[in-house]
Each structure stands twice: as structure tokens, then as C-alpha cells.
Amino acid sequence: MASVRFTVTPTKAEDLPGLSDTSPDISSRSGARVRFGSRESVNRSDPLSEASGGVTTTTAGGGGADTPEHSSIEQGEGNSKISSVYINNTHGADDDDFYDRNLALFEEEMDTRPKVSSLLNRLANYTNLTQGAKEHEEAESIGEKKKAGKMGTFMGVYLPCLQNIFGVILFLRLTWVVGSGGVLHALCIVFICCCCTMLTAISMSAIATNGVVPAGGSYFMISRSLGPEFGGAVGLCFYLGTTFAGAMYILGAIEILLMYIAPKAAIFEGEGAAMLNNMRIYGSICLFLMSLLVFVGVKYVNKLASIFLACVIVSIVSIYIGAFVSAFKEPHFPVCMLGNRTINGHDVADNQCRKTFLQVTDPSAGFNGTGNGTSSNPSAAPAVVEKTTYLWKHFCQGQEPNASCDDYFNSNNFSEIKGLPGLASGIISDNLWSFYLSKGDVLEKRSLSSSHVAHPVSTHQPYVFADITTSFTLLVGIFFPSVTGIMAGSNRSGDLKDAQRSIPIGTILAILTTSFVYLSAVVLFGACIDGVVLRDKFGDSVRGNLVVGTLAWPSPWVIVIGSFFSTCGAGLQSLTGAPRLLQAIAKDNIIPFLRVFGHGKANGEPTWALLLTAFIAELGILIASLDLVAPILTMFFLMCYLFVNLACALQTLLRTPNWRPRFSYYHWTMSFLGMTICLALMFISSWYYAIVAMVIAGMIYKYIEYHGAEKEWGDGIRGLSLSAARYALLRLEEGPPHTKNWRPQLLVLLKLDEDAHVKSPRLLTFASQLKAGKGLTIVGTVVSGNFLQSFGEAFAAEQTLKHLMDKERVKGFCQCIVAQKPRDGISHMIQSSGLGGMKPNTVVMGWPHAWRQSEDPQSWKTFINTVRVTTAAHLALLVPKNISLFPSNSEPCAEGYIDVWWIVHDGGMLMLLPFLLRQHKVWRKCGMRIFTVAQMEDNSIQMKKDLATFLYHLRIQAEVEVVEMHDSDISAYTYERTLMMEQRSQMLRQMRLSKSDREKEAQLVKDRNSMLRLTSIGSDDDDDTDGGERDRPVSSVSGGGGGGSAEHHRRVQMTWTKEKTSQYRAAHSGCSTPEGFRDMLSIRPDHSNVRRMHTAVKLNEVIVNKSHDARLVLLNMPGPPRNADGDENYMEFLEVLTEGLERVLLVRGGGSEVITIYS
């Protein structure tokens, strides 16, 4: 497809060689490549040069100041400026003044936002070119101006549509459709098919006039309106339809050749299989010759197109003339009948449509006049003798008058009827109603009397038989290809003078013309030709004449020759158009395995696509039956038309801002009606072909969706998705979700290292395993810094997350926030993620590893702060510990248990999560065990029964166990563990110094010649800052930097007396090193900490005892302390609680019920 690109390329003086008075096209050398003629440039510059007060014009070289065509180039502020050829200004001295006065505000953005004048000029010079042709690219690169399309509505749209619509079905099958279905059914079939194409043409006109349509026709319109998935699927279906249409036209041409022009050219004698083999051989030869002609050059095909069109028009005119002439002079085409059964005209070799005839014998003749070899008596006198005809031997066992004959033959007589009674005969009354036959039935005329005898008809008897079973649906499938071809005008949009005016008018007029021809032809055929002749598909009853040819004037050969050349021409057009359509699809690069077909010859001719087209067309020719190939291409064309109507209806209903078609005579109801008719016709004509076509289109759609290149074309499906999403979000906003509809909407918090790599990718793996329950997934990360300076890092981080999500096959969204402090960024993300009712209700975050060894408390303080934020936001929290030991998606757990330790009730999250995990293949084979804790005052037996009943009502299968925890004294281990925890906390407070603080403190101690003393000047309240902020120079002034400098100055200048040191230590919870260690040795653990440690130790002992072999342990996560001073102790409690467990998932509910026993 051609595309419009607006680029302004900075150009230097040395890049403009040879700028002189003789340069006819300044713009061809400019960065924007906007084309202006030299005369136009001079004329536009004259008024301005007169009005400028005679300011001297400067050139790039400094001389030749009076040359108006020259562009002034000046260097300023490190960027080159070119005097614009789009603006009426040729004075270099005024160039900067012009920018200063009018466009100075925008001059820094001229590379991305071109001036309106250059934009309009590019639009004016836009030419509609076939994508990828080499000569077009070369012409564009050297700046040649393309010739505008000169074709009008009549030559560019109307006649090509006529040529593509009129085809083989009109000449070979329309009479048979009228005879089998009757005039009324035939009119109904033609009317429905023409309505389908008319409504499709109206929709197509609206799409084609909604902007410039480059070469590519229907594929371009559908793909840009419905997106690459629908566009690729329907484009390939349209390609297959066009290819099979070529096969159908070739089969039609071979049928005309072998049936009506040169029957003796058949290689295999006989009917049935022999005829099919003849069609295959001659069809393959014809396909090879046509493909060769297309390969040699399309220009020869285009030159022959007018000849083929003339053949079509002459043939149709001869039919009308013949129909009106028949009202005055009936064509002589007698049909032989036996009773009411039609006799094959080929078997009436002696022109005697009778059983016997009287003949006067000649004594001198050795043989009688019948030529049947019967010897006469030479001595006998001349006498009148009754002889049997040529038909006699087909029904009797001998030629003697007393021979044994067929019962039906004995009961009925031969008669001749007029095959073409004429327009004034009133035969239309007999042809009004349908006359559907089964395969092998004899063609009969109802109005003739007949003595029916119950005797099976032999295929060796000279009757005309029905070759296939006919029905209304079959006739629809066979006739529909005769109304296709309405896309011919849109395919030639690049050659039209005014495509947006010509395509609607020409296409609709062509459909009206062809519809009138078809409808009138149905009436004329029914009014002029007898029903048995109409039902005779191959004209056997009229001695092998083409049935529609019998009506032609002055001779049947007008139709025979005309139809032969017209079908050949239509076949050539199909073999020309189909490869180009495939090439357009391949060059869009939406179907990877078709890329090779985008290449061709040096001039852009699609060589490889032509080979594939010829191969597929050969498959259609091997079918060898026109009646079997026609329904195939009917399906593909109907599917294409269906999506054209869908595209128009969708764009109209969505009211997208870009939907402004010039063709205003459309409505979404008409498009919807056309879409409905297309769908109905698909299943009416052949329901199994319809299903196959839909399956093929669906497979292509899914292939493009999963493996194709991503394209953003502003299609209607994207608009439909936005509208549906908006509607759904507004509906969800009406109230909170019911407990039955609750599912985890995850916000997964990932941390990136210095190289922008995810530290714990297995966290996203776990999220994907949990998301077997569907729902929303948002993957987020925080980048430290300022957004204006760190935008590139944020974009890189977002791409990293997207790549990891694709790798883990997680469907969702990624969000990257830039913030000065990670904890603030996480808080902002938790508050702002999601939209409306699609907000996350569960946060997944990793456990801060090695938090004990880290001198910087920022990681675990951020962790605890996130726990507090999620609790405040009433969100659930999942914290997998030892996430690196969790199984990947390719490591299913063969056996084992998922253990749930239900200590406190927090909404049922602990019950729901194992159920969701077991939906995934990794955890599917794991059993589920639920443990709960009973105190001394609890009835453990009753608790177990109640829990089993609860699980039964929840429809969850799990083993139940109640663990009794007896009251016991606090052990010495617990006391010692608490004491170690508190001592460690105080030690870390003293030793937590930044590098700069240590250096300054060491310098201070050295200067005062005092004993080595490491005094902490960092408080627990001050460690909120990021590591990056600690490492900043003191002199930096940003945000609260001034206050920090003052504080540092105060700390450095203080006099370290004993009193001040004690005051400072009391104010900052620190101490000098020897005294601090003495305090730590004399410390007594806090009683509340001892109780918490006792709980953690006891629970850990029970959990390790019961669940040491579990694949995964889920347990309630206790909340953080209300007082921030105990944060380190909180981390220690969690460590003690989960010690000795391989895989742990800490779960903290959001405060709402997530599971219910009610249906």
C-alpha cells in the first residue's frame, strides 16, 4: 500500500550542489522534498520581494544576490536553517526575521511538526502508487512528478465492473437456472444476489470515499477498517476466491470449446469421467498458456481487455435482438419427445423423430434409402414399405417392426415440439414454477400427455438426463459468482482522476446495469424458450447447441465465440489480479510465511505469487466441474462482502472521528442487512462449504493474532474494543463485585537491577500459574529518579517487563513509575493502578532477601511500608518466600500437597488460592490439606467436623486436620532469641552510617586527637532516604537539600563534650560504642516481643513438623506493628515463623469475603 510520510530533513549547504537559475525544481533537493515548478516559485516571490523594501538577497555562496530561486542557508545555534520554498520569501536577510516574527516559537520542533504549507503541498502532490514497485521507489527518490490518473468514471470504473461481473455463468448456466427453478425462483435468486452486491457496493463506496484508498482495493479497505487479523483472513479468502474464479472461467472456456466449438477435439471419447479428463487436460494447458501470458507482461492482458469486453457486449445485445425477433419469426430448433420425455438430439441421426416411416422401394437399389443395410429384392416391383427409424434400435432389440421393445416406447409416440416458441407464444406460463430434478432423472414436459409404465429408465436409452440433483440452494451457489466483480473499480483507484467520485457512481451504475440484464434475461428466457430446453444444461435436446445461443441473432455462433473469448478474458483478469492481491498481503508483513510472495521481478511484477496462484488454480481445474467449483468461490466472495458490510456498519455505529465519507447515501442498517444476506447466502448455498470457509478464515485470524507482525492501522475493531471496554467499565462501576464474582486482580511488583533486568522473574511465573483463574494482571516497577531525566530508563524498563510477560505468556498490562523514592512510587502505583471496576485487588511482591546482612535498611523498610499501604487500601497481599525454588511452567509437580495453615480468617483467601493454583498444569496433581490451630479451650473434634462441613459447602476437596497448641511456658530458647533480636537491632542502629558520614566522623576524631569512637549520627527516622540520596554531595540543592546541608553543618561543628554526646544519644536513640555495647549487655527484652517470638517459634515448630514435605505452604501473614520502631522485630518474627520451609506463600487478606458457600 502507498503511504504518506511527512518528514522535514535538515540539509546543509554542501548537500545542495548546483543551485542556480536553471534549476527547475528547488524542492527536489530540499529536505522535505516538496515539488514546486520554477515559474511558480518566481511568481510567488515577486510580490514579497517588492514589498520588502529592496532588501538584498543573499545566497549560500555569498554572491549572486539577485537570484530569486536561490534558497538562503544560514547556520545558527548549531542547527542549519534553510530558507523555505513554501513561504513567499526569497530574501535570506528576512528569513530569520520571518521565524522571529511568526514561527520562532515552533522552530525547535520543525523536524517533527512540519509547517502547514509543506503539509498541504505534500498532500497536493500525493500520487497513488502500488506498494513496492521498484520504478515507483526510484521515481520518488529522484523527485519526479507522477502523472495524475486520467481515467474517468465510465472508462475507469463502469466498464471494468461490467467486464468482471458478466461472465461464464450468464452464457452457460443462467438458462439452466431458469429452467430448474422456474422464472419466479430464478428472479428471487437473481434479486437476492443483486441486493447483496448492491448493499455491499454502498458500504464499499462509503469506505472508499473515507480518505485516499491506495492500490489494493478490497483488501486495503477491510484491513484498514477491521484490523490486520480480519484484513489478513478476509484478504486471503478474497485471494482464494479470485484464484478459483480464474479456474472457473478456464473450465467454462474449455466447456465451450469441447461442447460447442470443436467436439471432435476431445482426447477421451465418451461422457462422464472421459469428459472430466478432457476438461482437466485442456484446462491445465489453457492455465499454463494464460499464466505464461501474464508472466510475460500485464500490458498485453490490458490491451486484450477491451476486445474481451466488446465480445461480452455484442453477445448480450445479440440475445436481446434475438428475443425480440423471435416474437415475429420463431427460430427453428425442434425438440424430439417420446411421450413427455425429451430425446437427445444427437441420437436423431436421420432427422426422423418417429418410430417408423413409409418408404417406396427402388428395385434397382441394393439398399433401401434408410441406409440401414437391409437388402431389397431386385425382382420385386416398387412398393411402399414401413421401415424403422434410427431411434428404434435404442428401444427395441432389433430393427424389425415386430421386435421386442421397451414398454414405455410401446405405450407412447414420438412428437416434435418447438424448442423456442418465441416471445409471443405464452410459454412463460409453463416456466413460472420450479422443476427440480434428481441426478439421473429424465427431462420431462408436464403439459404433454404420457402413458407412464413402471419400468426403470436405462441410461443407454437416448433420453436427456439430469447430471446433478438440483435445488434452490444449489442454484444460489452456482449463480452467485455471476454477480461478483464489483471490486474492479476500487482496485483501480490509483488510475482514476477522482476516485472518491468515480468509485461509488461507476460501481453502483454497473450493478444496476447488470442487475437489469440478469432480471430481464430471466424473463426473456422464460418467455422464449421451452422448459425442457432450459433444463437441458448442455443443449443435447437441440443437437448440442448452446441453449442461450439458440436465442441469439443472427446466429448461435455469435454467442459461442463471444462467450469463449469473454471467459478467456475473465480468466486472464483473475490470474492478473490475484497475484497482486497476494503480493499486497505479503508486503504488509502480517502473515510471516507469505513473505516470500512479496518479491517479484525488477519492475514489481509478482512472480512468486503468480506461481502460487497457478498452483491453486490447477487444483480447481482438477475438480473439472464448473458446478462444483462455483460454490467454492461463492463462499470466499460472500465472506469478503460480509466483512465489507461489517466494516461500514462498525465504523458508522462507533462514530469514530475519522469516519467522514464523502458518499453519504449509506446507513448502518443497510450494511447490517447486507451482512445478514451474505451470511444467509453462505449457508443457503452450501452449509458445509460455509463452515470450511469460516474455519479457514478463523485459522488465519488466530495465526496472525499469535504469530503475525503487530500493526496499528486505526481499525474499527480497535474502536469496537474501546467502546466495549468503556461500556463494561461503566457497568462495573455501578457497585462492588459480588463475592461469587471475586477473582484475584493482580498487581505484581517487580524489582529491576542496574542493567534493567528483572531480579525475580519467577515471581511473574507464579502469577501466571495463579492466573489460570483469569482476571486482570498489571506488572509494575519503580525507577528511581526524576521523570524528565529518567524517561529513557522508564521506557527501557517497560519494554523489559513486556518481553518477560510475553515469555511467561501473561496477558495483562505493564506500568512503570518514576519516583524519587521507591516506597513513594509503589504507594502511587497501588493507588493509581487500574481503571474503574478493573482495579487490582491483590498485590504480589517478593520477599527482601538478605535483609539481615544489608547495611541499608531501605529494602526491608520499603517492604514493610508496602504491607502497610496495601492494608490501608484494603487490598490482599501475597508474598512468596524463596521464590527461586518455586516451579516453572515447564516443571509440573508430580505429587505432593499444598498445605494451608488457616490461623485467622481473613476473607477466605487461603481457601481460594489453592483452588486457583490447581487449575494450572503445574499444581494440578497436588492434593490439598488444611490445618487449623485449636487452643486449650477449643473443642478440636467439633472444629474438625465444622471445618469439613464448611469445605463441603465450598465444593473444595481437601484433607482436614486440627492441630492443638497447648499452653506452655516461654522457653529459654524463645527468651534468648528475643534478646538476640533486640541486641542486633540496637547494634545496627549504631553501625548504620553512610560512607560520607564515616569519613567525616573519622576526620573529626583525628582532628580532636580523641580516642577511636564511632558515634552514630544517622537516626531511624532518617533512613527513609534512598541510597542515591545518601551518596549525593552535600552541596546539592534540590528539594530539601538546603535543610540537609544545614543539618550536616550542625552535626560537624558540634563540640563533643560528654553532656552533648549523652543528649545527642538520647535524642537519636544512639550511643557511643563502649557504652552502647555495655547497654546491650544489660538490656532486658520487651515482654510483648517475647510473647510474639513465642508464638512464632511454636507455630514454626508445628508447621515444620506437619508440612516439611509439602510442595507449597500457605499461611496467614501477621500485620506490621502500629509503631514503626518495631519494624526490624517484625521482619525477625516473619523469619522465625517461616524457618525450615522450602516454599512459603504469606497471605494477607484485603478485609472482604472472597469465597462463599452460596450458589
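**Exercise 1. Helix packing**

Determine which residues of helix H13 meet which residues of helix H21 in this predicted model, and characterise the contact.

Solution. Step 1: identify the partners. Helix H13 covers residues 472-479 and helix H21 covers residues 668-685. From H13, the residues Thr473, Val476 and Gly477 meet Leu681, Ile684 and Ser685 of H21.

Step 1: classify these residues. The contact of H13 with H21 comprises three nonpolar residues, three polar ones and no charged ones.

Step 2: describe the geometry. Two packed helices are described by the angle between their axes and the distance between those axes. For H13 and H21, the axes come within 7 Å and cross at roughly 115°. The crossing of H13 and H21 is left-handed.

**Exercise 2. A strand with two partners**

Step 1: assign the faces. In a regular strand the side chains alternate between the two faces of the sheet.

**Exercise 3. Disulfides**

Find how many disulfides the model contains, and describe each pair.

Solution. Step 1: apply the cut-off. A pair of cysteine sulfur atoms within 2.5 Å is counted as a disulfide. The count under this rule is two disulfides.

Step 1: examine cysteine 336 and cysteine 353. Their sulfur atoms lie 1.9 Å apart, and the link is right-handed, with 85° about the S-S bond. Cysteine 336 belongs to strand S3 (residues 334-338), whereas cysteine 353 sits in the loop between strand S4 (341-342) and strand S5 (356-360), so the pair ties together parts that are 17 residues apart in sequence. Cysteine 336 and cysteine 353 are both buried.

Step 2: examine cysteine 396 and cysteine 405. The sulfur atoms of this pair are 1.7 Å apart, and the link is right-handed, with 105° about the S-S bond. Cysteine 396 and cysteine 405 are buried as well.

Step 3: With the bonded cysteines numbered in sequence order, the pairing is 1-2, 3-4.

Step 4: Cysteine 193 is in no disulfide, and the nearest cysteine sulfur, that of cysteine 194, is 6.9 Å away. Cysteine 193 has a relative accessible area of 1% and is therefore buried.

**Exercise 4. A threonine in a helix**

Determine whether threonine 862 is buried or exposed, and which residues it touches.

Solution. Step 1: locate the residue. Threonine 862 is part of helix H27 (residues 858-872).

Step 1: compare with the threshold. Buried means under 20% relative accessible area. Threonine 862 has 9% relative accessibility, so it counts as buried.

Step 2: list the contacts. Leaving aside residues up to four places away in sequence, threonine 862 touches Arg823 and Ile826.

Terms used
Residues are numbered from 1 along each chain as its sequence is written. This is a predicted model: local features need pLDDT of at least 70, side-chain atom pairs count only at pLDDT 80 or more; totals for chains, interfaces and linings use all residues. Side-chain values use heavy atoms; hydrogens and water are left out. Axes are lines fitted to C-alpha atoms, for helices over the stretch in contact, and angles run from 0 to 180 degrees between N-to-C directions. Helices (H or I, at least four residues) and strands (E, at least two) are DSSP runs, numbered from the N terminus. A crossing is left-handed if the near helix is turned anticlockwise from the far one by less than a right angle, and right-handed if clockwise. Contact means heavy atoms within 4.5 Å. Ala, Val, Leu, Ile, Met, Phe, Trp, Tyr, Cys and Pro count as nonpolar, Asp, Glu, Lys and Arg as charged, and the others, Gly among them, as polar. Buried means under 20% relative accessible area, exposed over 50%, partly exposed in between (1.4 Å probe, protein chains only).
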